[in-house]
Amino acid sequence: MIEWVIKIGGSLFPNHAIKLAEALEGQNCLIVVGGGEFANLIRKYDSNIGFSNDVTHETAINSMDILAKLLNDKLAFTELSASFEEAETISSSGKIPIMLCSNIILNEESLKHSWEITSDSIATFIANELDSNILIATDVDGIYNKNPSETDAKLINEIGVRKLLSFNESSIDLMLPVLLEEYGFDCYVVNGKFPDRILSIIQNENCEFPYTFINNQ
């Protein structure tokens, strides 16, 4: 069994993403990589010109695959996985699987084709399929009461899924709390620029640092 699905945000790529992945060596986890600047460029094109939901969904997930392949290229202890079965096999061999999401997501009818679905929700879907815990590593300390770039923004240390359903927050996608409630999952949102924070959480150590815990109570 794969214990953790770690979503490494595309905003951390390349240097912070590589550093974080290197710190995960030896951990029982699977990595999902966000689409980063590639997906943001598609979003920009869509905003300016307008493309179909199907093609923007597909190309954004293709962007995740691109960064997954680039990340895997820098690591000796990981292997690309195109299916859940393959991920389990890779994990059993002692390596960490990095998921190629397009192979399993593009025909998944439960995930609607829109910008409300990003790598956050995709990683949570994968965690549910694998019966794993979910942690989202991003470029900020967690979820804030307003945009983190605003000077008076305050970090939310813990928030319930139901409250998050009506919470307009930019550091996670809009579908994430819906899926967390549906699956009955808790979730951690952590700053991936500090790999020791991620390790502390997945190793169940004292976590005396800023992060957000989304609880499903």
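This is a predicted model: local features need pLDDT of at least 70, side-chain atom pairs count only at pLDDT 80 or more; totals for chains, interfaces and linings use all residues.
Let's start at strand E1, which spans residues 4-8. Five of its five residues are buried, so the strand counts as mostly covered, with buried meaning under 20% relative accessible area. In a regular strand, side chains alternate between the two faces of the sheet. For E1, both faces are covered: Trp4, Ile6 and Ile8 are buried on one side, and Val5 and Lys7 are buried on the other.

Now look at what lies alongside. E1 pairs in the parallel sense with strand E2 (residues 29-33) over five bridges. E1 also runs parallel to strand E5 (residues 133-138), and five bridges join these two. Between E1 and E2 comes helix H1 (residues 15-23), and the three elements make a right-handed β-α-β unit.

The peptide bond joining Phe13 and Pro14 is cis, with omega at about 10°.

Asp131 sits in the loop between helix H6 (119-130) and E5, and its phi is positive, about 55°, although Asp131 is not a glycine. This residue is exposed, with a relative accessible area of 52%. Asn204, in the loop between helix H9 (195-202) and strand E10 (212-215), likewise has a positive phi, near 60°, without being a glycine. Asn204 counts as exposed at 72% relative accessibility.

Methods: Residues are numbered from 1 along each chain as its sequence is written. Side-chain values use heavy atoms; hydrogens and water are left out. Buried means under 20% relative accessible area, exposed over 50%, partly exposed in between (1.4 Å probe, protein chains only). Helices (H or I, at least four residues) and strands (E, at least two) are DSSP runs, numbered from the N terminus. Two strands pair if DSSP finds at least two bridges between them. A crossover is right-handed if, with the strands pointing away from the viewer, the path from the first strand over the helix to the second runs clockwise.
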